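Colleague: I am new to this structure. Please take me through it.

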Amino acid sequence: MSSPSEQPAGVIHDLGYRRYTGPRLGGGAVARSFFLTGLRNTYGLGRSGRSKVLPMILLATMLLPALILVGVLVQARDLLGLDSQIVAYSTYPITTQLLISVFVAAQAPALISRDLRFRTITLYLARPMGRSTYVLVRLASLAAATFLLIAAPLLLMYVGGVLADLPLGRETGRFLGGVAGAVLLAACLAGLAAVMASLTIRRGLAVAGVIVVLLVSFTVVSTVQGVSSVTEHGTVGQVAGLFSPYTLINGVQVFLFDSPAATPTPPEGTAMGLLHLAAVLVYVLGSVGALLLRYREVD
Amino acid sequence: MISRTIVRLGVLSVFGRWRGALLLLLPVVLVGLAVVVRVLVGDDTGAAQNTLNAFGLTVAVPLVALLATSGLVAPEIDDGSIAYLLAKPVSRHEIVASKLLVAAGCVLLFAAVPLLVSGLVLRPADPDLALGFGLAGLVGGLAYCSLFAYLSVLTRHAIVVGLIYLLIWEGLLGGLLDGVRWLSITRWARELVDAVAGVRLVEDLPLWYAVAASVVVVLGGAWLTGRRLRGFNLTGDE
């Protein structure tokens, strides 16, 4: 037993532990694996069984109508005299928008609000990954997950259509147009949802906020478009289309790829088409900017 | 039967953060839309009914109820502070009644009154239509509040479940299958509009059934919520 007056005799021994001398992956690899984890987490992979339920059900429900459409196309093509897809690729996302909205609204907080709420964000930011990388990669994960949800049924319809002997070249062109639309729609939706989710640590509030914005904007836009198409105020309806991601992207597809319109007042003329394209840019860049601004002071 | 402290705290938690802003957004958009439609179409019965029905009664009312109710019970369960409330010698039914009173106030202020105002904007000559939609908004909103309150003590994912019920059952299936009208709060509210304003929004649904079903949902939901709170079990996240 040592008395308190004795000199402290502790020493740090060099036990000969070896340092890590292997290759160190750089920031790119960090960002890549962070992206992949985020993408897996949006579908509940690598999370608890209960968090797989909702995204998987939504994905299955997205695919179901496409499967039925393909079945009808294959079985009854000669009977009904069909020579193209029953529902256009560009119309499919607007028809199934409720499912897409619920997916984005439910999964954006899972990626973004939880990091803020459980303070995981401090751990991420303590790593070599910078703030803007964190924001951009999170956004990219969400957008990629949303894109998969939108594009999977389109791919199913395309494969089914080609197997049912629809003209290959024409079908490929239309499918690629649909995929381009899906990319833009996923970017717009993910941006909006990520901004809303980053403003609150309450998961429920974030979900409700995203749904309110998407549902209200679409209902208002379609009401205004319906009214303006009846009353010959076409321009009002075309401008109104800018204010909901779904009608906006449908307008862009009508303008760029000459897809059949799914709204009563699609954009007419080059100026209106360019305005739609500019609006997409504003949505995407605006939400990236807002997110960077939001995360500048997070701690 | 009503605890004033719980009401006061409930009001604070509904308008805290930016939930209040979201709640305020809905009536503003509703009245704004009514003005736009009025300017574009003029005084037109069909457009007025469509706007009030498609946006007001079907989207705005349930969303106001959802936002208000989810601000009252779910956050407290989420962060566990409901334990302090439940530890007080206050009847669980009294807690639920006080919280639902706040939600009812929100529905009146942010759904029913804006519906009345937009009805008057769209059809100044026909106050019955505005009155019908205002009343239906209030009754439907109350029923939704009760339902969502019960959902929020049943599951942690009350908002998502409530939204799925709203979008899939009331929205998607309600539009496809006529039989849904017997189990759809929005359709009962539409029947009320029919009765007050003399229009035809929903077919073949007796008024007494719509009223009775709404009352049953309001009272039953509130009672079940209180009952569930009596034996409440706080569990961890996910």
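This is a predicted model: local features need pLDDT of at least 70, side-chain atom pairs count only at pLDDT 80 or more; totals for chains, interfaces and linings use all residues.

Colleague: What radius of gyration does chain A have?

Modeller: Along the principal axes, the C-alpha atoms of chain A fill a box of roughly 100 × 40 × 35 Å. For a compact globule of 299 residues the radius of gyration would be near 19 Å. Chain A instead has 25 Å.

Colleague: What percentage of the residues of chain A count as buried?

Modeller: A residue counts as buried if 20 or more other C-beta atoms lie within 10 Å of its own. Of the 299 residues of chain A, the share that counts as buried is 45%.

Colleague: How many nonpolar residues are on the side of chain B that touches chain A?

Modeller: In chain B, 31 residues are in contact with 28 residues of chain A. Elements of chain B that give two or more residues to this side are helices H2 (19–41), H3 (45–70), H4 (74–79) and H8 (158–176). By class, this side of chain B has 4 charged and 3 polar residues, and the nonpolar ones number 24.

Colleague: Which element of chain B has the lowest mean pLDDT?

Modeller: Chain B averages a pLDDT of 87, and 98% of its residues score at least 70. Helix H7 (residues 127–154) of chain B has the highest mean among the elements of that chain, 93. The lowest, 80, belongs to H4(B).

Conventions:
Residues are numbered from 1 along each chain as its sequence is written. Chains are lettered from A and ligands numbered from 1 in the order in which they are written. The radius of gyration is taken over C-alpha atoms; the globule rule is 2.2 Å times the number of residues to the power 0.38. A residue is buried if 20 or more other C-beta atoms lie within 10 Å of its own, exposed if 12 or fewer, and partly exposed in between; C-beta atoms are placed from the backbone. Two residues are in contact if their C-beta atoms, placed from the backbone, lie within 7 Å. Helices (H or I, at least four residues) and strands (E, at least two) are DSSP runs, numbered from the N terminus. Ala, Val, Leu, Ile, Met, Phe, Trp, Tyr, Cys and Pro count as nonpolar, Asp, Glu, Lys and Arg as charged, and the others, Gly among them, as polar. pLDDT is the predictor's confidence in each residue, from 0 to 100.
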